[in-house]
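Dear colleague,

I am handing over the structure we spoke about, and my notes on it follow below. Please read them with the model open beside you.

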Amino acid sequence: MNHEPAAHYDRVTAAWTLLLGEELHYGVFDDPATPLAEATARLTELMLEAARLAPGLALLDVGCGTGAPARRIARETGATVTGITTSAEGVARATALAEDAGLASELTFLQRDGMDNGFPDQSFDRVWALESSHLMRHRDRLIAECARVLAPGGRLVLCDIVLRRPLDLMEVRRLREPLALLRAVFGDARMEPLSEYRRLLEDAGLHVDSESDLTAATRPTFERWRQNADQHREQVTELLSAEDWQRFRDSCDVLASFWDDGTLGYGLIAGAKA
Ligand SMILES: C[S@@+](CC[C@H](N)C(=O)[O-])C[C@H]1O[C@@H](n2cnc3c(N)ncnc32)[C@H](O)[C@@H]1O
């Protein structure tokens, strides 16, 4: 199986929409009974608050999925959005959905790599990366690229799964099986502590002015994913395979245990360019 993010997302996008919802990310739950779609929308809302958008501003969405957050940004803020992803399938779906929503002139989706985005210096007012950075191996290049394309006074906002305690080699060895399962399900990912993101933003010349730990608030996500897996078992098996369905379901338990034992969690960070 190819775990490289572009190939991985090309393969899983349709099934992911059934399992994770239209917004391909975790939920933030004020109450564990909140429906998943509301909770994923809440995470986007926290990103919007940190981004401080306004009509006419240009935002770069790094790792745009199928464009659900971009459509919301355009609708609610009047900003224009350029979404990039390495997945051709993601670009095709996001483009078609933007057209269906009548947002074709506000939204552009391109197949590009967040670690080498190819845009001119200072060409965006805002840059955001909603749960995509863990898939980019060279985190320093991602952040440097985001900072490079930001105009002075612009903001970078990022949220993602984070490492909450150091794992030594012995432990990585002990956790080989659950880590391999996560890799098979979610692709080749590497988590960093929120403090490492702060360091990278600061090294790139940004002033960090907002940081939140969303670990507890995201924890009910896994129960919802498990429910979706049970509800859409047949379709997911058809789109992927029975083995993939089982692995996804098992990965919900693995993630829940990593959340509970303090290994992994979720964070949001934002900073401004002078
Ligand atoms: C978990 S999804 C999040 C999608 C979207 N931000 C959302 O919240 O709905 C991760 C996204 O990152 C994209 N991605 C992975 N590696 C990337 C890279 N090097 N450059 C740009 N996008 C990448 C994937 O294709 C996918 O669209």
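**Backbone, ligand and aromatic rings**

Glutamine 122 has a relative accessible area of 46% and is therefore partly exposed. Please keep in mind that this is a predicted model. Glutamine 122 belongs to the loop that runs between strand E3 (107-111) and strand E4 (124-130), and its phi is near 55°, a positive value in a residue other than glycine. Arginine 52 is also not a glycine, yet has a positive phi of about 50°; this residue sits in the loop between helix H2 (36-51) and strand E1 (58-62) and, with a relative accessible area of 48%, is partly exposed. A glycine with positive phi is found just after H7, where glycine 187 takes a value of about 90°.

A polar backbone atom of glycine 63 is 2.7 Å from a nitrogen atom of the ligand, and a polar backbone atom of glycine 114 is 2.8 Å from a ligand nitrogen atom, while threonine 85 places a polar side-chain atom 2.8 Å from an oxygen atom of the ligand. On its own the ligand has 590 Å² of accessible area, and the protein covers 98% of this.

As for helix H7 (residues 176-186), its buried residues are Leu181, Leu182, Ala184, Val185 and Phe186, and the elements that cover them include helix H1 (5-20), helix H10 (221-231) and helix H12 (242-260).

Finally, the structure holds twelve aromatic pairs. In one of them, tyrosine 26 and tryptophan 225 have ring centres 5.0 Å apart and planes at 70°, so the pair counts as edge-to-face. Because tyrosine 26 lies in the loop between H1 and H2 and tryptophan 225 in helix H10, this pair ties together parts that are 199 residues apart in sequence; both residues are buried. The rings of phenylalanine 186 and phenylalanine 248 have their centres 6.2 Å apart and their planes at 55°, so that pair is tilted, and since the former lies in helix H7 and the latter in helix H12, the pair ties together parts 62 residues apart in sequence. Phenylalanine 186 counts as buried at 15% relative accessibility, as does phenylalanine 248 at 2%.

Conventions. Residues numbered from 1 in each chain as written. Predicted model: local features only at pLDDT ≥ 70, side-chain atom pairs only at ≥ 80, totals over all residues. Heavy atoms only, no water. Polar contact = N/O pair within 3.5 Å; in protein donor to acceptor, adjacent residues only side chain to side chain. Areas by Shrake-Rupley, 256 points an atom, 1.4 Å probe, with all protein chains shown as cover. Buried < 20%, exposed > 50% of the residue type's maximum accessible area, 1.4 Å probe, protein only. Helix = DSSP H or I, 4+ residues; strand = E, 2+ residues; numbered from the N terminus. Contact = heavy atoms within 4.5 Å. Phe/Tyr/Trp six-rings, centres within 6.5 Å; stacked < 30°, edge-to-face > 60°.
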